[in-house]
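Let's take a friendly walk through this structure, looking at how its side chains meet.

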Amino acid sequence: MSIDLYGLSRVVGEKGVLPQRAKQLDPSLPCRESELLIDVESLNIDAASFKQIKGEVGGDAKRIGERIQEIVRERGKMQNPVTGSGGMLIGRVKELGAKHPAREFLKVGDRIATLVSLTLTPLVIEEVKAVHADIDRVDIRGHALLFASGIYAKLPTDMPDTLALAALDVCGAPALVARHVRPGMTVAVLGAGKSGALCLAQARRNLESRGKLLALDVSQGALDALSGIGLCDVALKVDATQGVDVMEAVSQATDGQLCDLVINCASVGNTEMATILSVKDGGTAIFFSMATSFTAAALGAEGVGKDVTMVVGNGYVPGHAALTLDLLRTEPELLQLFATRYV
């Protein structure tokens, strides 16, 4: 019999449904032969999910923790019922199933970050120890299970956990940017958070001083931080929910040419048209934001007659963890920015 590569046996009451789509998972012990058991230390909640929960409960840290615990108790995983998104975790390997492929690379006691979403990770929270609302992190006591298909990264020893966790949480973004950005392009990144900063850093590297790099955000402070370390040529303070206003600002900044590539890293909804309208005909839009409505993006592009290739950032690109950590190690000012924000 083949191993349970995708964790189908953990899905409750829905035959043939994959764990990410399932309404409920079974996170109970013991650990099965194709699974890895993790003692969980922290959850890094997806930005769109954390923002929604924070707004729902009025911003109170205790209630944020209670709401997250409630979701996990009901679903056996951390999947926000409103945004559909989750996040990722860090913890220590407690047990390796006899048929889990990580047996070749990990040992009990290793500290790892999971690089698959919490929306498909069986999880139990026994205690919420602390809520760090400013960095979307929750420290817990509990356990999680990683399937044989689940990707992970050993936590680096040369940087704080919180910093590494913040970067690894979005490591698919700069890795996909590395595939798409070429010298001479005009590139815009929508959203000046952690994924936005990493995407700008990678885009700057790919452009090789030939092209133009725009950063867009509603926060002047966030833009100033990026501009201050040279991560963009132009910083535009815009409300990304106002698509026409964003397009006009981008058009002015690009002499009417618009962008070859726009990367959406916003943590709020209704930013699809700001992205699409800022791309020139024949250009590309990459959507990393979990707040994106892909129906709105597809119908919106059709509605304005925009010939744009739309790419969904799925969070996994081979080598994405190593690429992202290398960005931090070789860009001291970027590393300092992350240390200031997330440590």
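A residue counts as buried under 20% relative accessible area, as exposed over 50%, and as partly exposed in between (1.4 Å probe, protein chains only). This is a predicted model, in which local features need pLDDT of at least 70, side-chain atom pairs count only at pLDDT 80 or more, and totals for chains, interfaces and linings use all residues. Residues are numbered from 1 along each chain as its sequence is written, and side-chain values use heavy atoms, leaving out hydrogens and water.

Let's begin with Arg 67, which is buried at 14% relative accessibility. Arg 67 forms a salt bridge (a side-chain nitrogen of Lys or Arg within 4 Å of a carboxyl oxygen of Asp or Glu) with Glu 56, their closest N and O atoms lying 3.2 Å apart. Glu 56 belongs to helix 1 (residues 47-57) and Arg 67 to helix 2 (residues 61-75), so this pair ties together parts 11 residues apart in sequence. Helices here are DSSP runs (H or I, at least four residues), numbered from the N terminus. Arg 67 also forms a salt bridge with Glu 70, at 2.3 Å between the closest N and O atoms; these two are three residues apart in helix 2, about one helical turn. Both partners are partly exposed, Glu 56 at 42% and Glu 70 at 32%.

Elsewhere, Arg 204, Arg 205, Asp 326 and Glu 331 are linked in a network of salt bridges. In total, the structure holds 21 salt bridges.

Now for a charge and a ring: Lys 194 lies over the face of Tyr 342, 5.9 Å from the ring centre (the criterion is NZ of Lys or CZ of Arg within 6 Å of the centre and within 35 degrees of the ring normal). Tyr 342 is buried, as is Phe 338.
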